[in-house]
Amino acid sequence: MAELLNQNDKRTHYCGQVRESDIGNPVCVMGWVQKQRDLGNLIFVDLRDRSGIVQLAFDNDTDKEIFDKAFSVRAEYVLSVHGTVRARAEGATNPNLPTGMVEIFVTEMKILSAAQTPPFEVNDAKRVKDEIALKYRYLDLRRPSMQRNILMRHQIAKVARDYYYENGFLEIETPMMIKSTPEGARDYLVPSRVHKGSFYALPQSPQMYKQLLMLSGYDRYIQLARCFRDEDLRADRQPEFTQIDLEMSFATQEDIMAMNEGFIKRVFKEVLDVEIETPLPRMTFAEAMNRYGSDKPDTRFGMEILDLSDTVKSCGFGVFTSAIEAGGSVRCIVAKNAAGTLTRKEIDKLTEHAKGIGAKGLAYIRWVDDAPNCSFAKFLSPEELQAILTAGGMEQGDVMLIVADKNKVVLPTLGALRTLLGKKLDLIDEGKFNFLWVVEFPFFEWNEETEHWDAMHHPFTMPLPECLPALESDPGSVRAQCYDMVLNGVELLSGSIRITDWQLQEKMFRALGLTEDDIARKFGFLVDAYKYGAPPHGGSGMGLDRLAMVMTGADSLRDVVAFPKVQNASELMSQCPSPVADADLEVLGIAVTVSEESAE
């Protein structure tokens with residue numbers, strides 16, 4: 001039977017807080033048994049809570065009933081312990097633990113909860129398979145590394161609230177059930193019982209509501225907002241996530257960027273004791289793509305993309321010349337001193353990776369011996385090959401990887417290969433935090449499936465003033481007043497200055513292919529609101545989960561989210577999503593039809 005706490009069982013210390021300064025003092029600690037060591041007439045129990053571990057001692061001076069209890073406890077039992085802090089015996093100290101110089105001589109102990117043998121040991125030494133860890137997530141969350149991550153996430157959230165409150169922001173909650181709008185990813189839909197056949201959507205972001213708050217006079221808004229997107233998962237993406245969401249009235253892009261920089265400077269100092277220099281460096285979208293093949297480049301290492309087009313435009317290799325003639329380019333990255341690692345077999349793997357991204361193939365030059373091995377040498381003269389080597393700064397021991405195609409294929413392919421090789425060749429200093437603002441994104445991107453222009457950011461983004469005349473005549477040239485904050489190759493924040501002229505907003509909607517009826521039906525309430533006095537405003541959303549992931553050094557968002565989803569957007573512990581009873585669906589006016597393909 002589990003024993004019960006009473007009024008005398010008041011915890012005085014967390015386990016990890018007991019120190020030499022407490023020697024001789026009575027304490028009460030509570031927690032989980034990490035392990036028990038039975039040495040005959042001496043028993044040690046390591047007791048763990050979120051703060052750390054403390055050693056409990058039971059010996060010949062211990063009351064027999066308590067000693068017998070200590071003999072019976074096993075891993076993950078929950079205990080309440082009273083005792084006196086004493087120094088550990090000479091030679092028995094553990095300098096690797098904050099509590100390693102002391103132990104608690106136990107005078108009273110209650111077993112608050114017994115535990116079955118867990119499916120895995122709750123420690124960081126043995127990492128179990130993700131499927132098992134996530135099925136028993138409540139046990140996985142007891143591991144010290146997970147508790148450190150969740151605690152740091154809490155600290156980041158607290159600093160965010162403190163910082164923005166101090167700068168005059170108001171925390172205002174926005175609805176969780178909203179109107180479905182055609183932007184971004186797919187919505188998660190919520191059926192209405194009252195309005196059968198109609199649906200709410202879970203917010204992909206509080207975008208329209210925070211803009212409406214600016215129109216309502218709440219000139220500085222902040223919210224740690226829950227957001228939902230029905231999209232494929234990856235290491236830095238979950239279907240539900242939290243963002244530090246803000247909006248500012250009467251503010252320029254510079255004001256908003258500076259405000260976010262102030263938060264970054266403060267949170268890194270308070271949580272990690274790391275100084276971040278501000279202002280953060282900036283780079284246009286075009287420059288980021290041309291140099292790194294990514295709009296969220298990892299600048300902790302070099303290996304920048306080089307343009308070989310001028311060098312090879314008249315060479316004898318048709319793959320290169322035809323790509324240039326079709327309006328594309330020939331570009332490369334050079335992996336210095338990598339010929340020993342990037343064998344022919346490894347280059348074949350990289351080629352398949354490039355094809356998976358969309359490239360037709362991957363040309364290479366691998367310089368191991370006196371003469372470089374070039375995959376397309378038979379199409380070149382010695383002078384043409386030497387020109388390529390010179391243009392790439394090639395030396396013996398280097399490897400050059402080349403892609404020829406349209407820029408929309410060449411750049412992201414080389415960008416992905418660059419990131420992969422940065423990790424494979426151990427070029428990345430994991431102790432660095434390289435921040436970067438990427439600015440001046442294209443407003444539109446061409447959708448080949450629908451054959452019309454989509455908004456790259458969202459349709460409420462303000463174009464740069466000099467681009468307004470080209471809205472209809474040359475949409476591809478229009479750049480937006482938007483800005484992304486990137487950290488070590490991870491997009492942390494995305495934001496923009498908003499359109500506040502309702503006539504311009506309608507013009508943007510039409511440029512995106514929306515009819516008058518579409519605009520009225522989907523965004524009519526927002527356009528109408530602009531007609532009643534809209535202050536200039538802009539804002540941003542910073543991914544709290546992603547920030548925590550980078551600051552903790554975690555490999556995945558799973559390691560900083562308490563109860564994450566897996567690749568297919570299910571939760572293994574509770575086994576959701578799950579079927580719903582027909583009677584519940586009938587109340588909502590919904591019937592589920594399962595196709596033969598789905599049933600297989």
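Q: Where in the chain does Asn-488 lie?
A: Asn-488 lies in the loop between strand S20 (482-487) and strand S21 (490-497). Helices (H or I, at least four residues) and strands (E, at least two) are DSSP runs, numbered from the N terminus. This is a predicted model, in which local features need pLDDT of at least 70, side-chain atom pairs count only at pLDDT 80 or more, and totals for chains, interfaces and linings use all residues. Residues are numbered from 1 along each chain as its sequence is written, and side-chain values use heavy atoms, with hydrogens and water left out.

Q: Why does Asn-488 count as buried?
A: Asn-488 has a relative accessibility of 11%. Buried means under 20% relative accessible area, exposed means over 50%, and partly exposed is in between (1.4 Å probe, protein chains only). Asn-488 therefore counts as buried.

Q: Which residues are closest to the centre of the second largest pocket?
A: The second largest pocket holds about 1,100 Å³ of space. Of its 34 lining residues, the closest to the centre are Thr-419, Lys-423, Asn-488, Gly-489 and Val-490. Helix H12 (407-424) and H15 are the elements that give two or more residues to this lining, and H12 gives the most, with eight.

Q: How do you know which residues line a pocket or a cavity?
A: The work is done on a 1 Å grid over the protein atoms alone, and a lining residue has an atom within 4 Å of a point. A pocket is an open set of points with protein on both sides within 12 Å along at least five of seven lines, whereas a cavity is a set where a 1.4 Å probe fits but cannot get out. Points are joined across faces, edges and corners, and a volume is the space filled by probe spheres set on them.

Q: How many cavities of 30 Å³ or more does the structure hold?
A: There are two cavities of 30 Å³ or more. The largest cavity has a volume of about 40 Å³, and the second largest cavity about 30 Å³. Leu-134, Arg-137, Phe-563, Pro-564, Glu-571, Leu-572 and Met-573 line the largest cavity.

Q: Into what classes do the residues of the lining of the largest cavity divide?
A: They are five nonpolar, no polar and two charged. Ala, Val, Leu, Ile, Met, Phe, Trp, Tyr, Cys and Pro count as nonpolar, Asp, Glu, Lys and Arg as charged, and the others, Gly among them, as polar. The second largest cavity has five nonpolar, two polar and one charged lining residues.

Q: What makes the side chains of Arg-153 and Asp-545 a salt bridge?
A: Their N to O distance is 2.0 Å. A salt bridge is a side-chain nitrogen of Lys or Arg within 4 Å of a carboxyl oxygen of Asp or Glu. The pair links distant parts of the chain, with Arg-153 in helix H4 (residues 144-166) and Asp-545 in helix H15, 392 residues apart. Both Arg-153 and Asp-545 are buried. By this rule the count comes to 47 salt bridges.

Q: How far apart are the closest N and O atoms of Asp-398 and Lys-336, and what do they form?
A: These atoms are 2.6 Å apart, and the two residues form a salt bridge. Asp-398 lies in the loop between helix H11 (382-391) and strand S16 (399-405) and Lys-336 in the loop between strand S13 (329-335) and helix H10 (344-357), so the pair ties together parts 62 residues apart in sequence.

Q: Why does Asp-398 count as buried?
A: Asp-398 counts as buried because its relative accessibility is 0%. Lys-336, at a relative accessible area of 39%, is partly exposed.

Q: What does Lys-269 form with Glu-275?
A: Lys-269 forms a salt bridge with Glu-275, their closest N and O atoms being 3.3 Å apart. Lys-269 has 36% relative accessibility and counts as partly exposed, whereas Glu-275, at 54%, counts as exposed.
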